[in-house]
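Dear colleague,

I am handing over the structure below, followed by my notes on what was found in it. Please read the notes with the structure open beside them.

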Amino acid sequence: MSIYDGMHDVAVIGAGAAGLAASIFAAEGTANGDPPKKIVLLDGAKTIGAKILVSGGGRCNVTHDVVTATDFFGNRRIIKNVLAAFPVQATIDWFASLGVDLKREETGKLFPVTDKSRTILNALVNRCHELGVVIHPDHRVTDVACLTGSETGFGIRHTHGTLQAKKVILATGGRSLPKTGSDGFGYELARRLGHLVSATTPALAPLILDEALFHKDLSGISQEVELTTRVNGRVVDQRTGSLLWTHFGVSGPVVMDASRFWTSAREKGEPVDLSVSFLPALTQESARQWFMEQAAGAPRRSLTKTLAHLVTERFAESLCRYLGINGQTAIAQLPRKDRDRLVAALTKFRLPVQQDRGWNYAEVTAGGVPLEEVNFRTMESKLVPGLYLVGEILDCDGRIGGFNFQWAWATGLLAGRAVSASVRAEGEAHR
């Protein structure tokens with residue numbers, strides 16, 4: 001008799017997006033066979049799905065209308081293959097089959113038509129219940145070990161005891177938003193089972209700026225910018241998008257997407273620099289030309305009123321004050337050296353980043369179990385037969401806009417179906 005009580009066909013550890021999807025696809029079985037009979041879903045949180053509920057401002061950005069491997073960081077050859085198994089249209093159809101219609105917004109993001117993330121969570125949980133998946137909240141897994149001797153499978157220790165499973169799907173998430181339950185312990189479980197874990201850093205995280213900057217005066221204002229990240233003096237990322245000024249620094253899509261490069265460089269001890277062009281449509285030379293045309297066309301207009309044609313007046317005032325330039329100066333009276341300083345600040349402003357806002361505010365984790373250690377057709381570990389890894393625990397992170405959810409659904413589908421087929425094949429072999 002094993003020290004572990006109760007044998008299950010499949011144990012899924014982590015009831016987030018990837019874990020719920022994997023449970024559903026495992027329980028539905030494959031097209032040519034019966035599904036596994038006993039599937040258990042264990043989660044450490046007292047109430048599951050907290051990350052789903054808070055995502056997309058409480059609306060749950062389920063996916064994006066176009067998703068490609070270039071929207072992700074990690075081994076893009078493998079990522080491309082995983083995404084191909086469950087394209088966006090398949091996601092839309094799948095949610096429709098769960099009773100959830102999605103709508104596309106101008107940004108390309110897809111949300112439930114209800115605009116409520118609870119709609120998504122309820123649909124996933126209800127489907128699990130329909131299929132007989134047993135969900136155990138408040139069952140934090142503390143250890144997973146391969147069974148030895150005549151028994152095959154895994155022994156799983158959790159806060160309420162132990163159980164056995166023929167197959168295990170690790171869907172524990174990363175380290176982002178630890179108060180939702182994903183505190184990184186899944187990486188320790190993966191390590192104990194023999195996997196490597198590449199360095200993990202916050203991604204999709206807001207950035208904290210030097211107190212001396214003017215961000216507090218602009219809190220709540222967003223503007224279109226081009227953000228350039230340099231590591232060791234070399235450009236590693238350049239993107240255009242919306243920057244949001246906050247009381248602590250900067251946020252918004254363009255900052256969140258660039259943050260992974262800043263946090264990764266800091267983790268490695270490399271010098272990293274973020275610079276902003278507040279005039280993404282203009283070069284430094286065309287900006288200088290624009291100033292001269294304004295001075296000729298409306299010489300008596302004040303500097304801030306002139307700048308308000310390009311940026312918000314509040315931003316213009318704050319920037320002039322920061323540079324020590326009188327914003328009330330008539331544009332034609334602006335000394336050349338001040339004009340040059342303004343042009344430089346508007347087109348290549350160095351953001352004085354002090355730190356990222358940390359795991360409590362990061363939406364996703366960069367780093368994790370290398371994709372090379374799993375079979376991308378099944379998400380099964382190449383090192384531990386019967387172990388599958390899905391979602392954020394893997395070294396793959398997408399940009400903001402629903403991409404990380406698409407990764408969760410796709411990896412969940414692959415693992416769920418593969419587990420189902422494997423359990424069935426083993427069952428037939430023993431008959």
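Helix H2 (residues 50-58) and helix H5 (residues 117-130) cross at roughly 150 degrees, and their axes come within 8 Å; here axes are lines fitted to C-alpha atoms, for helices over the stretch in contact, and angles run from 0 to 180 degrees between N-to-C directions. H2 and H5 are therefore roughly antiparallel to each other, given that angles under 35 degrees count as roughly parallel, over 145 as roughly antiparallel, 65 to 115 as roughly perpendicular and the rest as oblique. Helices (H or I, at least four residues) and strands (E, at least two) are DSSP runs, numbered from the N terminus.

This is a predicted model, in which local features need pLDDT of at least 70 and side-chain atom pairs count only at pLDDT 80 or more, while totals for chains, interfaces and linings use all residues. Residues are numbered from 1 along each chain as its sequence is written, and side-chain values use heavy atoms, with hydrogens and water left out.

On the H2 side, Ile 52, Leu 53 and Gly 58 meet Ser 117, Arg 118, Ile 120, Leu 121 and Leu 124 of H5, where contact means heavy atoms within 4.5 Å. The residues of this contact of H2 with H5 divide into five nonpolar, two polar and one charged (Ala, Val, Leu, Ile, Met, Phe, Trp, Tyr, Cys and Pro count as nonpolar, Asp, Glu, Lys and Arg as charged, and the others, Gly among them, as polar).

A second pair is formed by helix H10 (residues 313-323) and helix H11 (residues 336-347), which pack at an angle of about 120 degrees with their axes 11 Å apart. That angle makes H10 oblique to H11, and the crossing of H10 and H11 is right-handed. Phe 315, Leu 319 and Leu 323 in H10 are in contact with Arg 341, Leu 342, Ala 345 and Leu 346 in H11, and by class the contact of H10 with H11 has six nonpolar, no polar and one charged residues.

Phe 315 is also one of the residues touched by Gln 223, together with Gly 241, Ser 242, Leu 243, Trp 245, Phe 278 and Val 311, not counting residues up to four places away in sequence. Gln 223 is found in strand S13 (residues 222-231) and is buried, with a relative accessible area of 10% (buried means under 20% relative accessible area, exposed over 50%, partly exposed in between, with a 1.4 Å probe and protein chains only). A polar contact of 2.7 Å joins the side chains of Gln 223 and Trp 245, the term standing for a pair of N or O atoms within 3.5 Å, of which, within protein, one must be able to donate a hydrogen and the other to accept it, and residues adjacent in sequence count only if both atoms are side-chain atoms.

Thr 142, in strand S8 (residues 141-146), is partly exposed, with a relative accessible area of 35%. Leaving aside neighbours within four places in sequence, Thr 142 is in contact with Arg 157, His 158, Phe 185, Leu 189 and Arg 192.

As for the whole protein, there are 12 helices and 23 strands, and 55% of the 431 residues count as buried.

Conventions. A crossing is left-handed if the near helix is turned anticlockwise from the far one by less than a right angle, and right-handed if clockwise.
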